[in-house]
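Thanks for coming. I will show one model and go through two parts of it.

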Amino acid sequence: MADVITCPSGLTGRVRGMKVREERVLADRKLAKSGGQVDELLAACWEETIDPGPYVLGEGGKLDLDEVLQGDRFFALLMVRALTYGPEYAFGVSCRNDACRARIEWEINLTKLPVRRLSGESRGAFIAGNRFETTLPDAGKRVAFKLLTGDDERKLPAVQRSAPEKLLSAVLAYRVLDIDGVEPKAKRQFLEDLTMRDADFLVDEFDRVDCGVDTTIEIECPECFSTQEVDLPFDRGFFLPGRDRTARRKARSSSSPT
């Protein structure tokens, strides 16, 4: 089954659901470690580009997925999953209430998640070189940064693994292009010395000018009725829900009183 989708940036194309042959992509541990699974799945399921949006098509009208914004790629991936199994996605989490800790089974419609569209201003800045600017409230410095693309999406896990004890500064250093009055070799140290207020402001600026899908949802425990916000889980069961359902049924059976 195929359908026409319009991504948050305005990129429009025809995508199809996964076929059995794509299971090899999901089972490839090397691809999973390198972050190449998304590339492989999108390359297989993206059938046609109807409107390139802010992107420049390559030879033969081919869309370069490395140049596509992370928000567009994620949206397309959600639509591929919805076309493959239907829009409903069921998952389970544990209640965070220490007095409860019950298992919460939840289901959402992937096509109903809130989508943040790329603004005209952001589109123009992206096309002009993917350079965005803001001024830090405490440091008073002008900072230039970029939006993440497919190429960045593949490289970022290695950056994060290289500095697990300095995760925030590593991510900021990767996304920040330059800082007014700060030499390139001193950029990392400057970012490590930022106030948390400035760091939080900068992350908010990343989100403000970007596009994507809001995957933070509110769920309610059926036992204690407390509500909590969770990030939509993306594990093997997201693309192979049949196996995930079987595992959950087995877990429930083993925990049921005899």
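I will take a pair of helices, then a group of aromatic rings.

This is a predicted model, where local features need pLDDT of at least 70, side-chain atom pairs need 80 or more, and totals for chains, interfaces and linings use all residues. Residues are numbered from 1 along each chain as its sequence is written, and side-chain values use heavy atoms, with hydrogens and water left out.

Helices here are DSSP runs (H or I, at least four residues), and strands are E runs of at least two, numbered from the N terminus. The axes of H7, residues 167–175, and H9, residues 196–209, come within 12 Å and cross at roughly 50 degrees. So H7 is oblique to H9; oblique is what remains after under 35 degrees (roughly parallel), over 145 (roughly antiparallel) and 65 to 115 (roughly perpendicular). Axes are lines fitted to C-alpha atoms, for helices over the stretch in contact, with angles from 0 to 180 degrees between N-to-C directions.

Now the rings. There are eight aromatic pairs in the structure; rings of Phe, Tyr and Trp (its six-membered ring) pair with centres within 6.5 Å, and planes under 30 degrees apart are stacked, over 60 edge-to-face, the rest tilted. Phe-74 and Phe-234 have ring centres 5.3 Å apart and planes at 85 degrees, so they are edge-to-face. Phe-74 sits in helix H4 and Phe-234 in the loop between strand E12 and helix H10, 160 residues apart. Phe-234 also pairs edge-to-face with Phe-238, at 4.9 Å and 70 degrees.

Phe-238 is buried at 2% relative accessibility, while Phe-234 is partly exposed at 39%. The cut-offs are under 20% for buried, over 50% for exposed and partly exposed in between, with a 1.4 Å probe and protein chains only.
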